[in-house]
Amino acid sequence: MPAISVQLYTVRNFLQTPEDVAESLKKIRAIGYRFVEVSSLEHVPAPEIKSMLDDAGLQVSAIHFDFEPLLTNLEICLEQCRILGTKNIILVMMPQAYAQQGRAGFQRFIDEASPLCEKVRAAGFTISYHNHNYEFTRFDGRPALEWIFEATASHHLGVEIDTHWIQMGGGDPVAWIRKVAGRMNSVHLKDFTVDMWAPIFAEVGQGNLNWNEIIPACHETAWSGSSSSRTNAAATRSRA
């Protein structure tokens, strides 16, 4: 069965102090969740987070990291994973500064990410890419996200599909889930709707995404193995 997790970025406003973190983790467990995807806890040392998780009765399904610390301090990131008890790393996003450089910036990301992925795999961990909408910038008639995934396939970069951002980029979440079959280690289930002209987040099931097809597609592709995880980041207006 997949691990249904809370992405902690969703509740980041309630994680401002160590005391807030401890209380929020206990509330998450009381709701019924057993797993969290760690994010927005850079202000709390990993050993303290681990103690709080243990006290709350929670486990970690994955940890989100920005690209820069993975490139410059990989061993520190891996040690945080070891302390928190997960082998699953999520690369939050390609730096926006790279995306602003156009095709050259996307190629720079691929060139730097590929050896990073091989190092992560050699250390016994997995690394997956979490998409946003700007990867749907098109080059030669194709979205850049397709180019990223094709170029890194042999370098062990997995996929964390974010349903909201796929939809916001103009893509079909179901089609993309099927496109990355075998590489999707986790998925962010986030809904999408509009307020007049503005695209906005919605609670899962309260927006316009086709969950009757999204959920079966996940089960048919990524969730058949025991190591797969599912993450839930439902109602947030953030970039997560």
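R103 is partly exposed, at 38% relative accessible area (partly exposed lies between buried, under 20%, and exposed, over 50%, with a 1.4 Å probe and protein chains only). This is a predicted model, where local features need pLDDT of at least 70, side-chain atom pairs count only at pLDDT 80 or more, and totals for chains, interfaces and linings use all residues. Residues are numbered from 1 along each chain as its sequence is written, and side-chain values use heavy atoms, leaving out hydrogens and water.

R103 pairs up with D140 in a salt bridge, 2.7 Å from N to O (a Lys or Arg side-chain nitrogen within 4 Å of an Asp or Glu carboxyl oxygen). The two come from distant parts of the chain, 37 residues apart: R103 belongs to helix α6 (residues 103-122), D140 to the loop between β6 (138-139) and β7 (142-143). Helices here are DSSP runs of H or I, at least four residues, and strands are runs of E, at least two, numbered from the N terminus. D140 itself is exposed, at 66%.

## Pairs within a helix

Helix α6 also holds R108 and E112, 4 residues apart, or about one turn. Their side chains form a salt bridge at 3.3 Å, N to O. R108 is partly exposed at 36%, and so is E112 at 24%.

Over in helix α4 (residues 74-84), E79 and R82 sit 3 residues apart, again about one helical turn. Their closest N and O atoms are 3.2 Å apart, making a salt bridge. Both ends are partly exposed: E79 at 37% and R82 at 39%.

## The wider tally

Beyond simple pairs, salt bridges link R142, E146, E150 and K179 into a network. The total count is 11 salt bridges.
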